[in-house]
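Subject: Structure for your review

Dear colleague,

Please find below the structure that I am handing over to you, followed by an account of what was found in it.

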Protein chains: 2
Amino acid sequence: MADVNFDTAVTRSIEPAAERGPAPLRWDIIELLFFAYRDFVGDADQVLDQFGFGRAHHRVVHFVHRYPGLKVADLLDVLRITKQSLGRVLKQLLDEGYIVQKSGEMDRRQRLLFATAKGEALVAQMAGLQTARIERALRDFAPGETAAISRFLSGMIDHDDPDKVLQVILGTANGTSET
Amino acid sequence: MADVNFDTAVTRSIEPAAERGPAPLRWDIIELLFFAYRDFVGDADQVLDQFGFGRAHHRVVHFVHRYPGLKVADLLDVLRITKQSLGRVLKQLLDEGYIVQKSGEMDRRQRLLFATAKGEALVAQMAGLQTARIERALRDFAPGETAAISRFLSGMIDHDDPDKVLQVILGTANGTSET
DNA sequence: AAGATATGTCAATATGGCTGACGTAAATTT
DNA sequence: AAATTTACGTCAGCCATATTGACATATCTT
């Protein structure tokens, strides 16, 4: 199985040496992020398959659970999809009783979204698997190091985003988890 | 715009808090990962749009560039898709000259894949944007902290994966399960 | 010669994005 | 009060990317 020249790959083979300082690319972090995220969402996929849902359902019910009373428009900002795309998924979650909606009291055009106990249970099941992965990965770090990890992830995010949910997260992200 | 009770959301509303402890969930890391990865791939999306490609093309040409001589079967393992899905994307990249293939010398059934200069340029352009984001996020960390960040990302990955590319990335390390 | 393997391909289907257009109720502005 | 804007829903169709199953071909292994 020595077919692929992984050694060449690791030491970097073809680099445009035209300029003097090609500004080294962070292949290491780029690929670690790819695989970390792949396995991270893989945890949720296992659960979703059992419920006949896809990743889109996860994202919707997750944010609705976490930010009760979220408006449809807020959700569109967070997920960065169109209302048509959201509509399909949201309708299923409403029909199957994972989410309910109430009209806004101040503005009755708004449909405020809330997760039901059923929806909460689904979210918690997936978050449980992902939390296990996270705790496993964080197990041997000093408190200062785990804080650095949080700050790094926060630093990877575009902070100039007008998204309201994101503002909340970035405002409180430096604290530790609640509960 | 005080419609949504973000405050309630942050302090968490519907959680069985009275009991001994349902194992606190790491909502903080879960959501930071979501947004960090969303913006991270967003960098590549900008470039891909200009080329008329999608994320699938990025993944393929990235790994082919990074691990020259990769077999089709290896690529399927890394990307975790079927060969039918890969075939469509790979064919485009071959037709448009981003990738070339050569028959394996020891096993001529194999099609070993290599990125062309054109393919390499595309990958480098996307990696450049992502590297800028990474360097920005890592700017103010001590060396020990950046090492911790890499170890964390590595720890988030399933190490018992038979995937050959992953083994190289993880340092050709053990086959130890995730204890 | 027989079987397994690596790859390619055809056909059908599902999911989850997209755009554009239109409708309705409710809030806001004039 | 009327006009306009906003929040949301929906219909219709298109595209990208994923799926499964079946089958073809070349090549390596036994």
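Predicted model: local features only at pLDDT ≥ 70, side-chain atom pairs only at ≥ 80, totals over all residues.

**DNA strand C**

By that criterion, DNA strand C is surrounded by 24 residues, and the closest of them are A:Arg59, A:Thr82, A:Arg88, B:Lys83 and B:Arg109. Of the atoms of DNA strand C that come within 4 Å of the protein, 55% are accounted for by sugar and phosphate.

- A:Arg55 places a backbone N or O atom 3.4 Å from a phosphate oxygen of DNA strand C.
- A:Ser85 has a polar side-chain atom that lies 3.4 Å from a phosphate oxygen of DNA strand C.
- B:Val72 contributes a backbone N or O atom, 3.5 Å from a phosphate oxygen of DNA strand C.

Both protein chains take part in the surface near DNA strand C: α3 and α5 of chain A, together with α4 and α5 of chain B, each supply at least two residues. The largest share, four residues, comes from α3(A). By class, this surface near DNA strand C has eleven charged, eight polar and five nonpolar residues.

**DNA strand D**

Around DNA strand D there are 24 residues, of which A:Lys83, A:Arg109, B:Arg59, B:Thr82 and B:Ser85 come nearest. Sugar or phosphate holds 58% of the atoms of DNA strand D that are within 4 Å of the protein, and the rest belong to bases.

What does the side chain of A:Arg109 approach on DNA strand D? An N or O atom of that side chain is 2.5 Å from a base oxygen. The elements that give two or more residues to the surface near DNA strand D are α4 (72–79) and α5 (83–95) of chain A, together with α3 (55–66) and α5 (83–95) of chain B. Among these, α3(B) gives the most, with four residues. The surface near DNA strand D has eleven charged, eight polar and five nonpolar residues.

**The largest pocket**

The largest pocket holds about 1,200 Å³ of space. It is lined by 45 residues, and those closest to its centre are A:Tyr37, A:Val41, A:Arg55, B:Tyr37 and B:Arg55. A:Arg55 has already been mentioned for its backbone contact with a phosphate oxygen of DNA strand C.

At least two lining residues come from each of α2 (27–51), α3 (55–66) and α6 (117–138) of chain A, and from each of α2 (27–51), α3 and α4 (72–79) of chain B. The helix that gives the most to this lining is α2(A), with 14 residues. The lining of the largest pocket divides into 20 nonpolar, 16 charged and nine polar residues.

**Chain A**

Chain A has eight helices and three strands. Read from the N terminus, its elements run α-α-α-β-α-α-β-β-α-α-α. Of the 179 residues in chain A, 47% are buried.

Helix α2 of chain A includes A:Asp39. A:Asp39 counts as buried because its relative accessibility is 2%, against a cut-off of under 20%. The side chain of A:Asp39 makes a polar contact with the side chain of A:Arg38, at 3.4 Å.

In α4(A), the buried residues include A:Asp74, A:Leu75, A:Leu76, A:Val78 and A:Leu79. After α4(A) comes A:Arg80, which has a positive phi, near 55°.

**The sheet of chain B**

Chain B has an open sheet of three strands in the order β1-β3-β2, with antiparallel pairing. β1 (70–71) and β2 (99–103) of chain B stand at the edges with a single partner strand each, so one side of each has no neighbour in the sheet. β1(B) is joined to β3 (residues 111–115) of chain B by two bridges, and the two strands run antiparallel. Within this pairing, B:Leu70 has B:Leu113 of β3(B) as its bridge partner.

Yours sincerely

How values were computed: Residues numbered from 1 in each chain as written. Chains lettered and ligands numbered in written order. Heavy atoms only, no water. Near = heavy atom within 4 Å. Polar contact = N/O pair within 3.5 Å; in protein donor to acceptor, adjacent residues only side chain to side chain. Nonpolar A, V, L, I, M, F, W, Y, C, P; charged D, E, K, R; others polar. 1 Å grid on protein atoms, 1.4 Å probe; cavity = no way out; pocket = protein on both sides within 12 Å on 5 of 7 lines; lining within 4 Å. Points joined across faces, edges and corners; volume = space filled by probe spheres on them. Pairing = 2+ DSSP bridges. Buried < 20%, exposed > 50% of the residue type's maximum accessible area, 1.4 Å probe, protein only.
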